[in-house]
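This report considers a pocket lining and a helix packing contact in a predicted model. Please consult the sequence and structure shown below.

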Amino acid sequence: MFEAEVIRQRIVEGERYLALIDEGLSGSWHDARRQALTSGDLVLALSLVHPEHWKDFRTAQQMLGPREFRTFNMAGTRWCAAADYWGIECSTRRRSDVAIVADHSWPYSLGGPTVVGNIRWLCRRHNAVKSADVHLFPWDGLWPDWLNSHLDTLGRFIPE
Ligand SMILES: [Zn+2]
């Protein structure tokens, strides 16, 4: 179970992300990228992968890969990561008879690519309820390992 402060802080970060998307960047995309990398600002960095910034230059399919992960049922070898999002252990954890599916940790619809580093394993029930909600994203966790290379790719298509 998370401390209330962790949940409150995640919601604050999620709201800051939504405000960045609504208001747009104050400078150029490339300036914002430099700022995000220099300061380690994950909220700003993830706002830069939002399709809003690159939909005119490439199709979503080319930027993100297919929507579905090519995985098979991982029951018995992976466990539902519900606790990472909501702080509460999934009731299916350690049950090898429950289907486990690959979910885009950073949502596909918000620019999260279909790459191994963006997988979070969830049971079907938690996969369905997570959707693309950013409020309880683990903003306090590690910088995603796919993010820098994805920003490099996008940067090649977005004019300076
Ligand atoms: Zn679950």
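The lining of the second largest pocket divides into eight nonpolar, four polar and two charged residues. In total, 14 residues line this pocket, and S105, G117, R120, L142 and P144 lie nearest its centre. The volume of the second largest pocket is about 210 Å³.

Helix α2, residues 29-39, packs against helix α7, residues 147-157, at an angle of about 165°, and the two axes are 11 Å apart. Because angles over 145 degrees count as roughly antiparallel, α2 is roughly antiparallel to α7. The crossing of α2 past α7 is left-handed.

| Helix | Contact residues |
|---|---|
| α2 | W29, H30, R33 and L37 |
| α7 | N148, L151, D152, L154 and G155 |

By class, the residues of the contact between α2 and α7 comprise four nonpolar, three polar and two charged.

Terms used
Residues numbered from 1 in each chain as written. Predicted model: local features only at pLDDT ≥ 70, side-chain atom pairs only at ≥ 80, totals over all residues. Heavy atoms only, no water. Axes fitted to C-alpha atoms, helices over the stretch in contact; angles between N-to-C directions. Helix = DSSP H or I, 4+ residues; strand = E, 2+ residues; numbered from the N terminus. Parallel < 35°, antiparallel > 145°, perpendicular 65-115°, else oblique. Left-handed = near helix turned anticlockwise from the far one by under 90°. Contact = heavy atoms within 4.5 Å. Nonpolar A, V, L, I, M, F, W, Y, C, P; charged D, E, K, R; others polar. 1 Å grid on protein atoms, 1.4 Å probe; cavity = no way out; pocket = protein on both sides within 12 Å on 5 of 7 lines; lining within 4 Å. Points joined across faces, edges and corners; volume = space filled by probe spheres on them.
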